[in-house]
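Thanks for coming, everyone. I would like to walk through one model this morning, chain by chain, and then look at where the parts meet.

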Amino acid sequence: MKKKSESILGMAFFGPALVLLTVFLFLPMILTLIFSFTDFFALNPALTHFVGLDNFFQIFHDEDFRQAFINTVCFVIIIVPLQGLGSLGLALLINKVTHCKRYFKVAFFIPVVMSLAVVSTLWVQIYGPEGILNSILANFGIPAQPFINSSSQALPAIAIMSAWQGVGYQMIIFLGGLQAINPALYEAAEMDHATSWQKFKDITLPELKPLCIFVFITITIGAFRMLVQPMVMTGGGPSHSTYTMVYDIYETGTVNWEIGLASTMAIVFAVFVMILTVIQTILTRDKEEKHENKKAKNL
Amino acid sequence: MRTKILFCFIFSVLAASLTGCGQSEPEPGDVTGYDQGEKYLSIWVHCIEDTNEGKCYRDAVDRFNEQFDGTYFADIEFIPRNDSGGGYSDKINASVMSGGLPDVLTVDGPNIATYASNGIIQPLAPLTEEEKSRYLATIIDQGTYDGKLYALGAMESTVGLYCNKDILKKAGVEIPDAEHPWTFSQFLEILEKVKPVTDSLKGYALDMTFPIGEETIFNYAPFFWSNGQDITSKDGLKVDGIFNNADNVETIEYFKTLLADGYMSKVPVSNLFESGRAAFKFCGPWELNTIYTSYPDVNLGVAPYIVGDHWDGGRYAPSGSWAFAASTKTDDIKGATELVKCMTNAESGIALWKTTKNLPSTFEAFEQCEEFKSDENCRALYEQLREKGHPRPKTPVYPQVSTSFQQVLENCVLSGADPQTELDKAVERINAKLKRYMVK
C-alpha cells in the first residue's frame, strides 16, 4: 500500500516534468526529424512535400553550409585548447596564491555570469579600429589590426573573446579538483626531492585527468553551439568567415523560412556532435579504467 | 489503475494549460471599448508599445476606434522585433501554421511579394484614385505585387548622400542640383579633389561600409539601377543573366576602385563622418537628426544620389519601409482596408516624423511638416524620394537576394574576389530558392 502511494507521489512529481519535456523537447525533436525529409516552408505549410534525402544532398552541396561546418570546426580547434589549458593554468595559479584568493576567483568568474550578448558588444568596442586593443598595440609600435573586420582574424578574435568569457567556469571546476588532491601525495614527492614539474606531471595531471576529460567535452559541445558571438559581433562575416552551423540553421529557418532544410541541418549537426561525444565518452571510460587499474597496481 | 488515472489527469491538465495559449477572438465587453454590434479587427505591429513608434500606432488605433465607433473595433498587439529580424517574424511564421494571423499586420516593404505569393496577405479593398494619389508613388509601388495593391506604408525611408560642406568648400567642390547628379566618373574626380583635405584630417573622402543586413542592398542597389541594370527580373522570378551581367560586373569594379584608390576605409571607422573627418556618407534620414542634435559643428549638406554613367534619367534612389497589410485570415477586407488607411494617413505620418524622424508617406504630411519647407536638407531628401524613389527588388526570395547582394559586395570589394565569379555564385544560390516558385 505504501509502495503504491509512493508511486503515485512519484508520478505527481514526475508528471509535470514529463509533460514539459514532451512538449518542448521530445515532440520538437521528432518533428525536426520528420521535417528534415520534407520541403516544409514556414510561410506556406500547405505545400509541404516529402522529398526523401534531397535536403541532405542539398546541404552537402551547399557552399555556405560547408563553410559554416569548417568555421565551426576551426573555432572548436582554437577554443578547446585555449579555454581548457587557460582554465587549468588559472586554477593552478589561484591555488598557489595565498592572498586575495577570493578576489581572483570572483574576478575571473564575473565574465561567466555576464550575458554573452553584452560581452560581445563590449568586445566589438575593444576590437574596433580605434578601440582599446589597437591603442595598446600602437604603444608598442604595432600597426592597427582589423580584428573582427578581417576574414582571417575574425574567427580567432571571437575565439579569444569566447575563451575569456568562459574560462572562469572551468577554472572553478579545476580548482575544486586541485583542492581535492590528497596533500600526502605532494609531501611524499617532496621527500623524494621531486621537482615542481615532476609533481605536476606525475601527481596533479593524473589526479585531474577525469576532470580534464569532462571539461574538454563541455567546452567542445559549447563551442559547437556558438551563435551569439558572431550574430552580435560580425553577423557571420566578413566573407562568411564567422558563419557557424547553428547560425546557418537559424538563418535558414527564420530568415529564409526553409524549415525543412533547417531541420535537416539540425539533424546533421546533432548527429555530428553526438558521434563526437560518444567518441569522447569511450576515450574517457578507457582512461578512467586505466587510471583505476594503475592505482590498484600501485597499491 | 488509480496511478494511471492520476497520471493521465496531470498530463491532460498540463497539456490543456499549454494548448490554452492559443488565441481566440474576444467577445464584446472582453476588451475595453469593444461593444456589441462592432466588428472586431486585430492588428499586429513589430515594435514595443513603450517606444515613440509604438505610441504613434496606439494613437492611430485609438483614432480609428473613435472614427468607426459602433462599426469596427481595432485591438492592437505589440510584438517586438529583435535586431536579427526574429521575434515578430517568428510569431507570424507560427501563426501561419496555427491559423492565428490577425486581420491587419505590419510587413517590411521587400517582404510584401513573399507574403503575397504565399497567401499570407490579400489585396486591399479597391482604393479610389484620389485616395491613392495621397501617397507617394514609392508607397504605391512598394505595396503593389502582381498588379494588385497589398499594402500601404505609414512611413517612408531613403538614403542621403550627406556631405560636409566645409570640406567641399576647401576642395573647391559645389553640390549639383537634383536634376544633374554626379555620375560615377564625375564622383571619382570629386573624391580625388577632396582626398587631400580629408587626408589632412586623418580621415577618408568617403564614409562607406558594406554591413551585413538590409543596409547594404538598400544603400547600394541604386548604383546598379542607375547604371541601367537590375538585380532581378520585373516579376522577381529570374536573376540569371540579370544580376550577373557584364554591366553589374562593371558597377562592382567601380566599388573596388573606391577602396583601391584610398577613398574609403577597408574597416569601418566609427563616427568618421560625424567627427568631421569624411566628406561624404551614405546613410538613412535619421542621420539628419543625429548631426543636428549631436554634431552641430558639422556643416551638413545633402547631394543628389550619384548615378551610373549610363543613367537614363529614371527612378533609382533608395526607398521603402514597413507597411500595413490585410491578412488572408480577415473576413472583412473592407474594415481591414479602412484600418490600414487610418494607420497610414497624414496624421499618422506627421506623428511618426515628429517623434521618430522617420519620413512620412503622404504628400499632405510632408506639406504640413515645417522642416520640409524650411530645411534644405530635409527638402532634398523629400524631393529625392518623390522624384527618384525606386522600390527594392520585388521577389518572393527577397531575403536570399538581399543576403547574396551583401556577400557579393563584401567579398569582391573587401576581400578582392572576382566579381563575375561571385555574381555567378549568388545567382546559383538565389536560383536554388526560386525553384519553389518556378514549380508553382
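Of the 299 residues of chain A, 32% count as buried, where buried means that 20 or more other C-beta atoms lie within 10 Å of the residue's own, exposed means 12 or fewer, partly exposed is in between, and the C-beta atoms are placed from the backbone. Before I go on, please keep in mind that this is a predicted model, in which local features need pLDDT of at least 70 and side-chain atom pairs count only at pLDDT 80 or more, while totals for chains, interfaces and linings use all residues. Residues are numbered from 1 along each chain as its sequence is written, and chains are lettered from A and ligands numbered from 1 in the order in which they are written.

Staying with chain A, there are 12 helices and zero strands, these elements being DSSP runs numbered from the N terminus, with helices as H or I of at least four residues and strands as E of at least two. The radius of gyration of chain A is 24 Å, whereas a compact globule of 299 residues would have one near 19 Å; that quantity is taken over C-alpha atoms, and the globule rule is 2.2 Å times the number of residues to the power 0.38. Along its principal axes, the C-alpha trace of chain A spans about 80 × 75 × 35 Å. Among the contacts in chain A with a separation of 6 or more, 70% are between residues 24 or more positions apart, and by contact I mean that the C-beta atoms of two residues, placed from the backbone, lie within 7 Å.

Is helix α6 of chain A, residues 132-139, buried or in the open? Of its eight residues the number buried is zero, so α6 of chain A lies largely in the open, and it is followed by A:Gly141, whose phi is positive, near 75°.

Turning to chain B, the secondary structure comes to 18 helices and 16 strands, and of its 440 residues 50% count as buried.

Chain B is divided into domain 1 (37-157 + 320-390) and domain 2 (160-318 + 397-439), with bounds that come from an automatic or database domain assignment. The C-alpha centres of these two domains of chain B lie 28 Å apart, and 19 residues of domain 1 are in contact with 20 residues of domain 2. Which element gives the largest share of the side of domain 1 of chain B that touches domain 2? That share, nine residues, comes from α16 of chain B. By class, this side of domain 1 has seven nonpolar, eight polar and four charged residues, where Ala, Val, Leu, Ile, Met, Phe, Trp, Tyr, Cys and Pro count as nonpolar, Asp, Glu, Lys and Arg as charged, and the others, Gly among them, as polar.

Now to the place where the chains meet: 30 residues of chain A are in contact with 36 residues of chain B. On the chain A side, the largest share, eight residues, comes from α1 of chain A, and by class that side has 16 nonpolar, 13 polar and one charged residues. A residue of chain B that touches chain A is B:Val269, which is in contact with A:Pro129 and A:Glu130. B:Val269 sits in the loop between α10 (246-260) and β11 (278-283) of chain B, and it is buried, with 21 other C-beta atoms within 10 Å.

Leaving out residues up to four places away in sequence, B:Ile112 touches residues including B:Val107, B:Tyr145 and B:Ala325.
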